[in-house]
Amino acid sequence: MEYFLELFFGGLTRGSIYALIALGYTMVYGIIQLINFAHGEIYMIGAFVALIVAGVCTIYGLSGVSILILAGVIAVIYACAYGYTLEKVAYRPLRGAPRLSPLISAIGMSIFLQNYVLLAQTSDFLPFPRLIPDFAFMEPVAHIIGSPELVILITTVITMILLTLLIKKTKVGKAMRATQQDMNMARLVGVNVDRIISLTFIIGSALAAIGGVLVASYIGQVNFYIGFLAGVKAFTAAVLGGIGSIPGAVFGGLVLGWAESFAAGYISSDYEDVFTFGLLVIILILRPAGILGKVRKQKV
Amino acid sequence: MADNKHKLLEVKGLTMDFGGLRAVDSVTLEVHEGDIAALIGPNGAGKTTFFNCITGIYNPTKGDVLLHPKGQKTRRLNGLKPNKVTEMGLARTFQNIRLFPDMTVLENVMIGRHCRTNSGIFRAIIKGKGVQEEERQIVESSYQLLEKVGLADFANEFSKNLPYGAQRRLEIARAMATDPFLLLLDEPAAGMNPQETADLEQLICKISDEEEMAILLIEHDMKLVMNISDPIYVMEYGKKIAEGSPQEIKDNPKVIEAYLGEETDA
């Protein structure tokens with residue numbers, strides 16, 4: 001039972017990170033039907049910025065949690081700037097172009113950003129400081145769920161609650177939903193659609209950066225290539241849950257996290273990816289639009 | 001048409017080409033304060049294209065779209081983005097219903113009101129005191145609008161669950177929410193049963209009486225058009241072929257020909 005719980009919480013932690021990144025994919029897709037393949041790179045850049053900030057802070061003698069918060073905030077700001085610029089230079093000029101063009105542009109930006117970090121930093125794995133301390137009160141349950149997992153879970157839950165409030169309750173959220181449902185009509189009721197699209201990229205990037213910082217300090221190393229794998233997994237989560245659907249992204253992320261965790265724990269960690277992607281295939285055969293996805297009728 | 005009425009919308013020689021096809025051919029049209037003007041014509045005459053040119057969906061090939069808001073300087077609308085046109089004070093509805101289906105009735109109206117508020121993105125997220133007050137006012141005025149069109153009881157329903165006639169009325173309410181001084185209605189009575197059409201007629205008259213909004217509508221229901229609108233403009237094959245009062249239009253041989261075909265001595 002304890003082993004089961006350990007796997008359960010491990011899966012939950014992984015899954016919530018996937019969900020954070022998947023939200024960025026799904027929100028952008030919901031609004032402009034673009035798979036933003038460079039999204040994983042924003043996650044990676046977030047982790048790198050945090051690493052640099054952490055390095056500087058350590059020189060000035062700051063301690064664990066304060067570094068984590070500071071690094072997180074700066075990483076989020078940086079990632080937002082990258083996300084905004086990405087949309088502006090790579091996708092906005094292609095608005096109205098056939099759907100494949102921005103997709104290629106996205107792949108191009110992904111490769112560009114990877115290589116940019118490769119050149120600016122290094123191809124080696126860099127050690128990332130363990131910023132999340134072990135809390136004493138977690139001691140009795142530490143073999144089931146450790147302090148880093150707890151911090152990751154709490155952070156993602158808070159982030160998701162804030163995101164939900166933003167989308168459900170604010171004027172901006174309303175404009176985002178309207179843009180998603182009918183972009184041209186949103187324009188006609190006075191919504192500045194370009195600004196809403198920029199904002200969607202900014203929010204998605206912020207979520208990815210939060211994910212990047214959490215994962216890097218949990219796993220303890222970063223490299224220019226981590227964005228690719230995380231991106232693919234999160235994209236899988238978004239598709240699994242039904243791309244375009246926000247609860248779907250969260251749900252898909254959790255399903256993916258658990259599938260990996262249980263497959264690794266009960267069968268073999270060599271096969272965890274086989275099981276996750278096998279699961280993806282099965283779910284897509286049974287529900288082509290994803291678990292919570294809606295079949296969109298194409299207007300003819 | 002009385003000359004002392006303030007001219008709100010002035011369209012001069014509007015032309016729209018799609019490749020070799022001239023969908024709208026130098027159409028000139030005016031809407032005055034307090035008017036319920038109508039644009040009629042057979043299917044494919046270019047009426048909706050004309051609307052699309054005015055509201056910024058298309059950028060017209062030639063011609064001018066001028067807006068003369070009362071007490072403000074004249075604005076040229078050509079080439080503006082739709083959200084800018086809406087800000088200038090033009091609002092429209094569509095032939096086919098284009099509500100936001102997964103939003104509530106109230107939200108559909110509120111989103112129209114937002115373009116009249118000043119608070120930017122960050123203030124909206126932080127939700128300061130001023131923003132909350134503004135939000136409260138928006139909710140209140142949105143409710144008033146819903147009452148006006150008779151939908152207040154449905155405020156928290158998803159708009160996709162409303163009956164057809166109610167969805168049409170909601171579209172009008174949403175357009176009105178942007179606080180326009182000219183309301184463009186594209187076939188508001190399309191697909192309505194006689195009772196719903198009669199309700200709509202009342203609603204349009206009520207809007208015209210109570211709000212400071214002129215109305216320009218495209219409509220195929222001749223009974224409705226003849227009952228409420230003056231002046232009437234008639235289009236065929238992209239050209240304006242007639243304009244005048246309902247009686248003048250009824251008696252105009254060109255209009256009869258466009259609708260019924262040429263008379264033959266048989």
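**Entry 1: domains of chain B**

I began with the domain assignment of chain B, which gives domain 1 (1–89 + 180–266) and domain 2 (97–179); the bounds come from an automatic or database domain assignment. This is a predicted model, where local features need pLDDT of at least 70, side-chain atom pairs count only at pLDDT 80 or more, and totals for chains, interfaces and linings use all residues. Residues are numbered from 1 along each chain as its sequence is written, while chains are lettered from A and ligands numbered from 1 in the order in which they are written.

Taken over C-alpha atoms, the centres of domain 1 and domain 2 of chain B are 26 Å apart. Their contact takes ten residues from domain 1 and eleven residues from domain 2; two residues are in contact if their C-beta atoms, placed from the backbone, lie within 7 Å. On the domain 1 side, I found that H2, strand E7 (182–186) and helix H7 (194–210) of chain B give two or more residues each. Helices (H or I, at least four residues) and strands (E, at least two) are DSSP runs, numbered from the N terminus. I sorted that domain 1 side by class and got six nonpolar, two polar and two charged residues. Here Ala, Val, Leu, Ile, Met, Phe, Trp, Tyr, Cys and Pro count as nonpolar, Asp, Glu, Lys and Arg as charged, and the others, Gly among them, as polar.

**Entry 2: chain B overall**

I noted ten helices and ten strands in chain B. The C-alpha trace spans about 75 × 40 × 40 Å along its principal axes. For 266 residues, a compact globule would have a radius of gyration near 18 Å, and chain B agrees with 19 Å; the radius is taken over C-alpha atoms, and the globule rule is 2.2 Å times the number of residues to the power 0.38. Buried residues make up 41% of chain B. A residue is buried if 20 or more other C-beta atoms lie within 10 Å of its own, exposed if 12 or fewer, and partly exposed in between, with C-beta atoms placed from the backbone. Of the chain B contacts between residues at least 6 apart in sequence, 67% join residues at least 24 apart.

**Entry 3: two residues of chain B**

Leu8(B) sits in strand E1 (residues 7–18) of chain B. I counted 24 other C-beta atoms within 10 Å of Leu8(B), so this residue is buried. Leaving out residues up to four places away in sequence, Leu8(B) touches Val31(B), His32(B), Glu33(B), His68(B), Phe181(B), Leu182(B) and Ala214(B).

For a second look I picked Glu248(B), in helix H9 (residues 246–251) of chain B. Glu248(B) has 14 C-beta neighbours inside 10 Å, so I logged it as partly exposed. Ile232(B) is 16 residues from Glu248(B) along the chain, and their C-alpha atoms are separated by 9.1 Å.

**Entry 4: the largest nonpolar core**

Which residues touch the most other members of the largest nonpolar core? Among its 164 residues, they are Ala47(A), Ala75(A), Ala79(A), Leu182(B) and Ile215(B). Such a core is a set of buried Ala, Val, Leu, Ile, Met, Phe, Trp, Tyr and Cys residues joined through C-beta atoms within 7 Å. Helix H8 (residues 193–219) of chain A gives the largest share of this core, 15 residues. Domain 1 and domain 2 of chain B both give residues to this core, so it lies between them.

I also followed up Leu182(B): its contacts, not counting residues up to four places away in sequence, include Leu8(B), Val31(B) and Met213(B).

**Entry 5: where the chains meet**

I found 23 residues of chain B in contact with 19 residues of chain A. On the chain B side, helix H2 (82–88), helix H3 (105–114) and helix H4 (121–126) each supply at least two residues. H3(B) gives the largest share of that side, five residues. By class, that side of chain B has ten nonpolar, six polar and seven charged residues.

**Entry 6: chain A**

Chain A comes to eleven helices and two strands. I noted that 51% of its 300 residues count as buried. Its C-alpha atoms fill a box of roughly 60 × 45 × 40 Å along the principal axes.

Last, I checked helix H4 (residues 100–120) of chain A. At 1.5 Å a residue its 21 residues should span 30 Å, and the end C-alpha atoms agree at 30 Å apart; the expected span is 1.5 Å times one less than the number of residues. The buried residues of H4(A), including Met109(A) and Leu113(A), pack against helix H2 (39–59), helix H3 (64–91) and helix H9 (226–241) of chain A.
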